[in-house]
Amino acid sequence: MSAYNFAYLDEATKRMLRRAILKAVAIPGYQVPFSSREMPMPYGWGTGGVQVTAACLVPEDTLKVIDQGADDTTNAVSIRKFFERVADVAVTGQTAEASIIQTRHRIPETPLTEGQILVFQVPIPEPLRFLEPRETETRVMHALEDYGLMQVRLYEDIARHGEIARAYAYPVRVEGRYIMDPSPIPKFDNPKLDNSHALQLFGAGREGRIYALPPYTRVESLDFEDYPFTATKAAGQACALCGSTSSYLDEVITDDAGGRMFVCSDTDYCASRVAAQSQEDAA
Amino acid sequence: MSTQLTAGFTDPARDGARAFRQVLDAMAHPGRIATLDGLQAPAPASPAAAAILLTLVDSTTPLYLAGAHDCAGLRDWVGFHTGAPLVGPSEATFALGTWDALGPLSAYAQGNAEYPDRSATLIVELDDLRTGGAILTGPGIETEAQLSLPDLPALTANAARFPLGLDFLFTCGHRLAALPRSTRLRAC
């Protein structure tokens, strides 16, 4: 598409994004403000992730886009097609083949490798927002490492529910300094944030924030000594398609009579396991 | 006025994207040496430093040219290709020069507690850039990395101010290495 600049955005915008990304990498977990642009998709559809991806893409990249782990949902398909058109990059569904992976709400099951970039779409980047609505105040709280309120909030969960009642967007502490919202990934994925081989970038388009986790960064999920963090998923279930007991599962309603099945949320992981099993059966 | 300006990127969008990925890779892996090819720079700027300028600097980012880099040839080139306002160290978002010309580090914006990102990035031209010397640990580094750094005490003091502090891009010819403020340093 020669009518558009490479990767859609103009060069001045990309430079602004690139400067923000570099500062984000230099201060892991800190939210760098940036001047978010209007994108040809509504806020909430991954405009932050799309802008970060556009700023990072090179023509030689292979792009994978997932939405809740799946390559074939509307959001993932439309973003993948967008970059195929405006950046002419190769695309893939396979985690291991991709050099950049844009994701909404999951980290792939296949371990990421060095050189890969994982771009998260983030709706609400500020982990303290629901505790303190004023941006001026949350900024001071981050500056002073005044994170007691977050611990109180987790404690209140335990007092009320007997456990920390947060299944997704579970807050983490980065390198012992900034508390960060890992975007609405299930807390099952939190351990994958820690000491990852890949560079992890987070883009919030509506809120105008970019933050980052360089590779090999210490990321701890907040907890208490007597209530340690646990990465949970649907208990006692295996994937109905590939039989995996270790992957994160989606519950799918199959009829209106209470029928349901559990399947891997990561479609690439599931499909590659099914393919390997059918090969074994054939052999 | 110099008589002849050297060209910028042949294909600004794609060359700029490739250059940025090298800078990003370096910043995400402190101590790792990346290469930036394909740009003829006006003396005394290295090709790597020139590529960084074209990739990150524009009319919204005040630039400080330190020492010998503050010459007519480079001023014209920067003005034509980037439009960056040329300023002193205290106002600069980016600064370019040799280590001795750039100092002292306290002259630059360090960021503030609420906005630690509002700090300068220094592009430091070195005669020698290689693996070896000071030991680097921290985010982006699996175990340890080594890099020939110009002034360990000053850089250690910079890292101690985290989350405030400066970020460094070291250049030598076509080569580039980065040292963000998050990297912890010690002597070999």
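The paragraphs below walk through selected helices and strands of chain B and chain A in a predicted model.

Residues are numbered from 1 along each chain as its sequence is written, and chains are lettered from A, with ligands numbered from 1, in the order in which they are written. Because the model is predicted, local features need pLDDT of at least 70 and side-chain atom pairs count only at pLDDT 80 or more, while totals for chains, interfaces and linings use all residues; side-chain values use heavy atoms, leaving out hydrogens and water.

In chain B, helix H1 (residues 12–28) packs with helix H2 (residues 47–56) at an angle of about 110 degrees, their axes being 9 Å apart; helices here are DSSP runs of H or I with at least four residues, and strands are runs of E with at least two, numbered from the N terminus. The axes are lines fitted to C-alpha atoms, for helices over the stretch in contact, and angles run from 0 to 180 degrees between N-to-C directions. H1(B) and H2(B) are therefore roughly perpendicular to each other, a term that covers angles of 65 to 115 degrees. From H1(B), B:Gly16, B:Ala19, B:Phe20 and B:Val23 meet B:Ile52, B:Thr55 and B:Leu56 of H2(B), where contact means heavy atoms within 4.5 Å.

Further along chain B, helix H3 (residues 72–81) has B:Leu74, B:Asp76, B:Trp77 and B:Val78 as its buried residues, buried meaning under 20% relative accessible area with a 1.4 Å probe and protein chains only. These buried residues of H3(B) pack against H2, S2 and S3 of chain B, and just after H3(B) the residue B:Gly83 takes a positive phi of about 70 degrees.

The strands of chain B include six that form an open sheet with mixed pairing, in the order S1-S8-S7-S4-S3-S2; two strands pair if DSSP finds at least two bridges between them. Strand S1 (34–35) and strand S2 (63–65) of chain B stand at the edges with a single partner strand each, so one side of each is left without a neighbour in the sheet. S2(B) pairs with strand S3 (residues 94–98) of chain B in the parallel sense over three bridges, and B:Leu65 has B:Leu96 as its bridge partner in S3(B).

In chain A, strand S5 (residues 117–121) is mostly covered, with five of its five residues buried. A:Ile117, A:Val119 and A:Gln121 point one way from S5(A), whereas A:Leu118 and A:Phe120 point the other way. S5(A) pairs in the parallel sense with strand S4 (residues 100–104) of chain A over four bridges, and five bridges join S5(A) to strand S8 (residues 199–204) of chain A, also running parallel.

Definitions and conventions:
Parallel < 35°, antiparallel > 145°, perpendicular 65-115°, else oblique. Buried < 20%, exposed > 50% of the residue type's maximum accessible area, 1.4 Å probe, protein only.
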